Every structure is written in structure tokens, then in C-alpha cells.
Amino acid sequence: MTAHALTDTNAAEDGAADPSPLAIGPWLAADPYGMTAAEKDAALSAVLRALTQHHRAACPDYARILDLLGTGENGMTHLADVPFLPVRLFKAFDLLSVPRDEVFKTMTSSGTSGQSVSRIYLDRETAALQGKVLARLMGDLLGPKRLPMLVIDSPAVLRDRNAFSARGAGILGFSLFGKDVTYALDDEMRLNLPAIEAFLARHAGERIFLFGFTFMIWQHFHRALEASGIRLPIDNGILLHGGGWKKLQDEAVDNAEFRAALGRSTGISRVVNYYGMVEQTGSIFLECEHGHLHAPIQAEVIIRDPLTFRCMEVGETGLIEVLSLLPRSYPGHALLTEDLGRIEGVDDCPCGRHGTYFSVAGRIAKAEVRGCSDTYEARS
Amino acid sequence: MKPVPDLPVTLRVGGPLRTIERRPLPPYAPEVLAFLTALSKRLLTAPQTRLHPDIAAFAYWCRPANLARLQRAFGAAHARLGRGLALHIAPANVPVNFAFSFAFGLLAGNANIVRIPDAGHPQAEVICDALAALFADPAHRRVAAMNRLIRYPRSDAITGSLSQIAQARLLWGGDETVSRLRALPVHPRCVDIAFADRYSFCILDADAVLEASDTVLASLVKGFYDDVFLLDQNACSSPHLVLWQGTAKAKAAQARFWPAMTAYLEKSYALAPVHAVDKFVHLCATAIALPEAAASQRHDNFVYRVVLDRLPADIERHRGRNGFFYEHATDDLTCLAGIVEERYQTVTTFGIDRDALVQSIIAQGLSGIDRVVPVGKALDIGVIWDGYDLIGELSRIVHTA
């Protein structure tokens, strides 16, 4: 299959019959959490098999990797059989499955200064598919109508456009599901109380959608409210947050404490964490009312043993692999992350959603460097 | 003689810098041998040594029988004296290397200023404590007066000041450190012994591996483990390439060696998850960057192997870490001429005639390979290292005619 053939999938967006396993229509029409894990394994692995063939044909570097890994097209009957790439590879190499002149947008991960960043190349088709799947998942979370939206961040993040930073891209992406988008922090990341109060006054009695990055919310929103002794009346709010817990773990704040604290400072009772990454924008994993991250039908999570890369059982902690049917313009449909997590259960979450549900335990630890080099180091 | 300036350094062992005694001794001086003997005894009986096999290896190296052997091998063809003051810039990531460097300087008869790294290795503290205790013993007054072990943050100003009064410098830590330190002005008579980035590989004879008894195979596996995994395949002398001699039986020999290696690693090596991911990333990167990579095999995540259908001339640029190897089978070791250049340091061998290999290196005039040693000895540092006779380089000849 060529990249060109894939562009026909737009024709199938209303769910019309399309023989291509890559058609998105059926995946948008279905309940995002309506498939059992076994049903999804069969249906989604057909798509990922087709994606593997597509990327092998369209991305020579990817084909070389599969050849060296000894991966054939046969025997890919389960999601666990789909060959995966290490997510870090996107930091070292430009991996594309489309000609460069079809690149519509380049996403970069938000590495801290000095770190290299991932570069993810999107063509119009992949960007559109990401938007559609994200809209489907957000519709399931927020309902059919756009809600007044409070972004717990500074508008300055968007003005400083070093390509699309993950933070800026996240804000822009989720802002599509809000209206009257208002920033809760000023350019210096200080609480903008007048803006918040005016926003709440405009939307008294309405459901409010709040979005931000976990640590920013904690540091610049919750902490600031707590310090000034303010409790905001946002009881009717739903707060979506992501970006990882590393900095909060350093402060010994876990998910339960985070929820409780925001309840105290804002009254918000529905706090929804998500797990997602710039390498698979769109098919995100949202937290349910019971605190579990759920794989939607468009994506899956597999836990692999760091010592062997074999799949681990429910309850065992290992490396998180993420799969998504979205990546068409870059070979990122099956990625081994450097996060640790475990499957909490399958098809039986008390929230009623089907499929895999899981938790994330943080990043794998860096290791000490041993060896002859690096003597004249800054430390001493 | 220029005085030793006062510098903002932390004195770990020994008195103030300006009081250092710089009058040299002859190589293998009785005072030095007595000191190293006492150090060996002290370390071997220290309770912490049991936790650190690298301290034990250093202590064992310093025992009198070994020093006597080295002294005999050094010979007495010339009257010699230490060059004067030796400055040692020790590497951060090999915990006991500073101690070996110091001992080489001592044995050559020099006064020594050793910059020890502060990378949090407990081994450095154990050794420094032992040195400090011996310095306090009047029996070792002369050695104590001649030596200082210090710490200071990376500073060209301090290293530069010390370089101007040193007659020899031992610069560890690879190309970048060496070129940075070489740029500093030094004493006009200063001799630099620079340990640059090196590359090492291993040659295994397929027949020998197949014919080895289980006991011999077990010791080969243990030796290979020591060469590679004690320093996560990061040491200059750890192999990255495994050359199999004997194409007909190479596959069978690999099928015997690597599973045994993997089984040993499963018992003995704490594989960090990040290293497993590193190796996987490296395998994918190798696919993109190395066209000669024809196939690969993973033994779980302990051993990654990349089969090369032919040896690229720049194979030295492709290196593994934490158990990642390039492999190639050949019937003719003269293929080495096509890859070996200056960077090549150590060849570890099994089932190979080492003397013949050394003769062939010399006959072919290869620009690299300084060491040909059995598998298991890659990390055994000694007075002959990196192609240098260190005691010879660090001492001067007083010639008469």
C-alpha cells in the first residue's frame, strides 16, 4: 500500500463501506470503550498489520529496522506481535512515511533544555485523523456541546512558538473542545484572578471544562489559591490534566491527594488524568471515575518485561508499549515508551468501560555511567 | 625549581601542596615497595574490600610478589630516576583507576599530585582512608612527603598551574579531556601520557569454543563477562566486535557460546531497564546507520548481536554498550589489516596463538593494537598499558658512556 492510497480514507469518514482496513469511519462510529479486549485485539491488529505494511513500503529506514529485527509480515495475528519501535528513536532520526513536501506540521516533544526532542512529521491526513479521534474521545467525556473552557496555563506558552511544543500543542488541541477559552494564569504564570472571576461570572451555573498540565496546575493554580486562601466555586467543573507525575512524586503528591486538593481549592469533583504523548497525538488514554486509565478502541497498551520484552500479565509492572491506528505519515503506530506501568484489569472496570485499563508508575530510572571516558567532569 | 603555588583545592590525602617533596627516587625504590606492600596488606584486610572486587584486584596487584616480578621485568639496563612531579587527572567513571595511576607514578620514583574524581564511589574513600593512615605512619615519611591526593572542580586555572610545575602528566578520560588538557601550557620538559579514546575487540576460535570442556567454557564465559560487563562495556579495553575464526563452524560455536553467556548474565548481571531500552534503540539505529548489518539476534535483553556480512572499514565507529556486539566470521585474520587503525587497543582471544598474532601485527605494520591478551584479562591494567611502558616513560635515564 502506498501513502497515496491512504488519502482515500477521507471518503469513509461517515462510516460508508470501505474495504481498506485503514478506513477510520467504523472506528469513529463505534463506542470508544465498547469492545472487549479480545474483540479489539482481532479488529485493531488487522489495522496495525496494514499500517506495518504501509510504513515498510513508505519508510525505508523503518523497512531496514524490520529487516534487521527479522520481522516478517506473517504471524502478526495479535497486537502483541506487531513490531514496535523505541519512542526514543524519533529523537535520533527523522522517520517519515510521506514525502517531505507533504509534511503539514512537525510536532516536537517538550524536552527540558539540553535534551534532544522527538520530531513527529504529520501530513494533512494524519493530522485530520488525530483530530477526529480526539474529538470522538472528548465528546464521550464532555458531551456533544462545547463547554466554557478555562486553561490553567499562561497565554505566553502559545506566543513562544518554537515549532509546536507539546505544551502549546496540547493547549491548542484541547481548546477545540471549549468555548470562551480563558487563561487562568498571566504571562508570569501568576494567578489571573480577575480573568477567572469574570469567566466564572459569565458562566454561572454552566458546566466548565478546565485543562492544564498536572504540575502547572498544582504549582501555579492550586498552590496559589491555597496561599491566598481562596476557594473558587467551580463545583460544576471537569478538569482534564496530563503531562506526568514526576515532579509531583518528588513532592509526594499522588493522584488521590491531587484530586482531594483541587476539591478543596476549587470544589471540582471530576478530575480526569490522561496519558498520552506527542508521538501518538489523538488516541489518548483517559482516566475513569475509578481512577483507571482506559485504552479506547483506537489504541491499546501492552506491558513488556524490561528483561525480555515479553508481554506481562495483569498486575505486573513493566515497560509501557502504546499502539494507535492513527500514525500514517510516520511509523509510530507501535511504540515502546520509557514509562513503567501495569495493566490493572481487562473488560471488568467497575466504571463499565470495556477493554484494557492500566496505571502509570513513572519513568524508568537513569543509570550510572561506568567506563573510561568523562574524566574532566564539572563535578568534583 | 618553581614553588608549588597555593591553590583552592580540597586536600584528601597528604599535607599542603606547597610542602610537597619533589626530589625523585629511583624506580622500584625500597621506600615505595614497602609502602605499596603495606597498602596491599591494609586493603586486603579492610572489611569494605569484600564489597568491592575492584579494590581487592588493586590490593592484589600491589602485593610484594607481583611488584618483585614487575621490577625484574623492568630490568636495570640503565640508571634511572623518577622525572620529578607527576600530575594525574584520573577518570570519573572507573572507581579505582586513580589508585593504579598513582601507583605507576610512585613505582617510577615520582612525587605525585593526583586529582581524584568525586563521583560518589565508595571505593575512592576506602583507598584514600588507607593511604591517609599509612601517610601518618613515620615508617612511610618519605612517601607521605612526596604525594598529595586532591579534589577540585573542573578548572583549567588549577590544572594549568599544576601543569607548569609537573614533569609528567597522566591524562585519563578520552579524546575530549586529553585535547582540552593538552591545550594548557606545561613545563617545557613535561612528558604527557595521554589515554585517548580506544577501541577493542575479541577473537574467538570456533573450533576451540566447540571443543572446550564445560569447565573451560564456563571460565571463558566468566572471563568474557569480566571483560565486558564489569564496566557495562564502556571500558576502552572492553570488546565491541567479536570475530569468529573459522567460518564453517562459527554458527555452531555461537550457538554454544551465546546461550551460555546469557545464562550466566541471567544469574549475575543486574540489567537496568534503561539499558535494555538503550540496546533496543541502538539496534534500530544500527539498522539505519550500518548497511553491513545483515541480521540480528537478541538473547532476551541481555545480549544483542548484529551479524555483519562483511567488515566495514569504520567498524570502530559502531560500538555497543551493556552487552551489544557486532559479529563477523572469517577464515583469515589478515582481514584485520582492513579495519585496524590507531584507535585499536586490546584484542582478547580464545583459542588463538597470541604470539603469532603479535608477530602478524608487527609484520603487517598495523597502526593499532597495543595488547593481545586472553579473554578475561581485558580490564587488567598494568605498568604496560595503552602501548606505553609507563615506568619507563615516567622515569628518566641517567646515561654514562
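Reader: In E5(B), which residue is the bridge partner of B:Val114?

Author: The model is a predicted one. Strand E4 (residues 111-115) of chain B and strand E5 (residues 147-151) of chain B run parallel and are joined by four bridges. For B:Val114, the bridge partner in E5(B) is B:Leu149.

Reader: And which residue of E5(B) is the bridge partner of B:Val13?

Author: E1(B) and E5(B) also pair, in the antiparallel sense, over three bridges. B:Val114 has B:Leu149 as its bridge partner in E5(B). The bridge partner of B:Val13 in E5(B) is likewise B:Leu149.

Reader: Which strands stand at the edges of the open sheet of six strands in chain B?

Author: The order in this sheet is E1-E5-E4-E3-E6-E7 (chain B), with mixed pairing. An edge strand here has a single partner strand, so one side of it is left without a neighbour in the sheet. From one strand to the next, the twist averages 20°. The edge strands are E1 (10-13) and E7 (191-194) of chain B.

Reader: What angle does the direction of helix H5 of chain B make with that of E1(B)?

Author: Helix H5 (residues 122-135) of chain B packs on the six-stranded sheet. The strands touched by this helix are E1 and E5 of chain B. Its direction and that of E1(B) make an angle of about 80°.

Reader: How are H1(B) and H2(B) oriented, roughly parallel or roughly antiparallel?

Author: The axes of helix H1 (residues 30-45) and helix H2 (residues 53-61) of chain B come within 8 Å and cross at roughly 150°. Angles over 145 degrees count as roughly antiparallel. The crossing angle therefore makes H1(B) and H2(B) roughly antiparallel.

Reader: How many nonpolar residues are in the contact of H1(B) with H2(B)?

Author: H1(B) contributes B:Ser40, B:Leu43 and B:Leu44, which meet B:Ile55, B:Phe58 and B:Ala59 in H2(B). One residue of this contact is polar and no residue is charged. The nonpolar residues number five.

Reader: In the open sheet of seven strands, which residue of E13(B) is the bridge partner of B:Ile203?

Author: The seven-stranded sheet has the order E10-E11-E12-E9-E8-E13-E14 (chain B), again with mixed pairing. Strand E10 (293-299) and strand E14 (371-374) of chain B each have a single partner strand, so one side of each has no neighbour in the sheet. Strand E8 (residues 199-205) and strand E13 (residues 344-350) of chain B run parallel, joined by five bridges. In E13(B), the bridge partner of B:Ile203 is B:Thr349.

Reader: What distance separates the centres of domain 1 and domain 2 of chain B?

Author: Domain 1 of chain B takes in 10-195 + 386-398, while domain 2 covers 199-374. Taken over C-alpha atoms, the centres of these two domains of chain B are separated by 32 Å.

Reader: Which element gives the most to the side of chain A that touches chain B?

Author: The contact involves 34 residues of chain A and 44 residues of chain B. Helix H4 (60-69), strand E1 (85-86) and helix H5 (89-92) of chain A each give two or more residues to the chain A side. By class, that side has 19 nonpolar, six polar and nine charged residues. With five residues, the element that gives the most is H4(A).

Key:
Residues numbered from 1 in each chain as written. Chains lettered and ligands numbered in written order. Predicted model: local features only at pLDDT ≥ 70, side-chain atom pairs only at ≥ 80, totals over all residues. Domains from an automatic or database assignment. Axes fitted to C-alpha atoms, helices over the stretch in contact; angles between N-to-C directions. Parallel < 35°, antiparallel > 145°, perpendicular 65-115°, else oblique. Contact = placed C-beta atoms within 7 Å. Nonpolar A, V, L, I, M, F, W, Y, C, P; charged D, E, K, R; others polar. Pairing = 2+ DSSP bridges.
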